[in-house]
Amino acid sequence: SSHHHVPETEFPPMSHDLEATPLLEDHASSCGSIDALVKDGSMGSLSGLIVRPAHVTMTRTTINIIKCFIGAASLELPGALLQGGLAGSLVGLMILCALSYLTLRMLARCGELAGPAPKTYPEIGSLAFGPVGAAMAWGGMIAMTVGVCGSYYIFVTSTISELVIAHCPFFTRANSSYLLLPVFILLSWTPSYKYLAPFSVLGIGALIFSLLAVIGDACTYSSIQSIHSYPAWNWSLYPSFVGNVAFVYLIHSVVLPMRNSMAAPKFCARSLLYATAFVTVLNLGFAVPVYLLYGSNTQGNVIDNMHPGPLKVSVQVALSVDLFFTYALFLFPVCEALENDIFRAVRSWLQRQPAEGFQIQAGQIQMSGTTKAMHWIDTGLGHSVMRKLVRAVLVTTTVGIALAVPKFSLMTALSGGLGNNVMGFILPPLFLTRIKWKQGWWETNGVTGAWKWCEICGQSSIVLGGLALMVLSLQNFASQLPS
C-alpha cells in the first residue's frame, strides 16, 4: 500500500479552558473524527475531543451542599453546647454560621473573578499569590480532606466492628478498615456530583431519622432541668466547641467543584444561602433540646447517651450509610485538583518531546510514540485511567490516617480547627482581597476610599480570627493527647 507522510507538527498549547476542566467524568473516546482534525497536512488540537462534564441543576447542587454540611458531626453538637455553655454556644453557632456563608460566597466570588473557565482551589491560590498561594491551597485541601474523610472512615468502620465483632471476632476495627477499602475506592470512582445527588437525599433522610431517634430516646429517659442548671459560658472548653462547630460549617473545599459543575454558576450563591439556612435550623432544632434533656451527662457523641437496643443500632447503621456517600463528596475536590495538575504536567512533558508525526496506511491514520501518547491522554481512556489511579491512592491514604488516629471526636476537632479552618476562614478572604487588588477591581467598579478599606479590614479580621482559632485548636488537641 502507498504511504503518505504527513508533515511533522508540534502540538499546540492546551487551551486554558481545557486546563481547568474538572476531570470528574469519563468521556467517550472517538477516533472516528480524527480525519477532520487533519487539514492541509497539519493536525489541529486533539483537545477538541474532550467534552465537559454534564451540568448540574441548582436543586441538585443545593442538595449536595446540604449533604456536605450535615453528617455524624451534627450528633456532636449537643456535646459542643456543653463545652461552650448554653448562651456562649448559641451566640458562637450563629456567628460561625454567618461567617461560613460569607466566606463561602467569597470563595465563589474568587471563582467568578478568575474568569469563565472552571478553577480549582490551587488555581485560585496561584492567581492570588503565585506558587505560594497554590501551596497554601494544597496544604489546606490535603489537611481538610484527610481530617474529614479520615473521620468518616473511622465512624463507619468502628460502627461495623461494634455491631459485628460480638458475633464474629474477626471484625476488629483494623480488619473492617481493610475489608472496606475496595468498596470506598469503587465509590470514589463515581464520575460526577450529579450521580451522588440521589444518594445525598438518602443520606439526608438517614441523618434526619437519626436526629429524631436521638430526640425520642432523650425524651423517653431524660427531662429538662431548671435553666439555672445549664452554665451560660464555659471559656475553658470554648476552643473545643468552636472546633466541632467549624467541622460542621466549614465545607469550603467542595464549593468550587460544585460551582464548576453547575449549569448556571450564577445561582451558586442562592444554593449556598438555602443550604446554610436549612442546616442551621436543623442543627438548632436538634442540638438545643437534646442538650437540655441530657444536661451535664451529654456525651461527645450523643449516640453514646442512647440506651442499648434496636433503635440505637438503627441510628448507627443509618449514619454509616450517610457518611459512606458523604465521604465521596469531600474527596472529589482534592481529586479534581490533583487530576488537573497531573494531566497538565504529563501533557506539558509530552509537548516538549520531538514531534514524530504519523502516517496513513490503507486509508487509516497510524500514530506512534509521542503522538500516540498525546492522543491517549487527550481522550477518555487516558482520563479514566489517571482518575481511577489518583482516587485509589487518595482513599488508601485516608484509610492509613484513620488507622493511625482511631478516635472520631479527636479527628473532627482537629480537622475543624486546622484543615477546615484554613480552607474556610483564612484562605477565602485572603485570596479574594489579593485578586481584587491585582485586578484593580475597586477602582474599576468605582469603589474607593472608605468602602474599599472597610472591606479590606473586614476580610483581614476574618483571617486573623482564623489564625487565632488554629492556635487554640492545636493547643486543645495537644492537651487531649495521651501523655
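1. Helices here are DSSP runs (H or I, at least four residues), numbered from the N terminus. "Buried" means under 20% relative accessible area, "exposed" over 50%, and "partly exposed" in between, using a 1.4 Å probe on protein chains only.

2. Keep in mind that this is a predicted model, where local features need pLDDT of at least 70 and side-chain atom pairs count only at pLDDT 80 or more, while totals for chains, interfaces and linings use all residues. Residues are numbered from 1 along each chain as its sequence is written, and side-chain values use heavy atoms, with hydrogens and water left out.

3. Now the salt bridges (a side-chain nitrogen of Lys or Arg within 4 Å of a carboxyl oxygen of Asp or Glu). The structure holds 3. In one of them, lysine 436 pairs with glutamate 455, with the closest N and O atoms 2.6 Å apart. Lysine 436 sits in helix H16 (residues 419-439) and glutamate 455 in helix H18, so the pair ties together parts 19 residues apart in sequence. Lysine 436 is buried at 5% relative accessibility, whereas glutamate 455 is partly exposed at 22%.

4. Look at glutamate 112 and arginine 109 too: their salt bridge has its closest N and O atoms 2.8 Å apart. Both lie in helix H4, 3 residues apart, about one turn of the helix.

How values were computed: Helix = DSSP H or I, 4+ residues; strand = E, 2+ residues; numbered from the N terminus.
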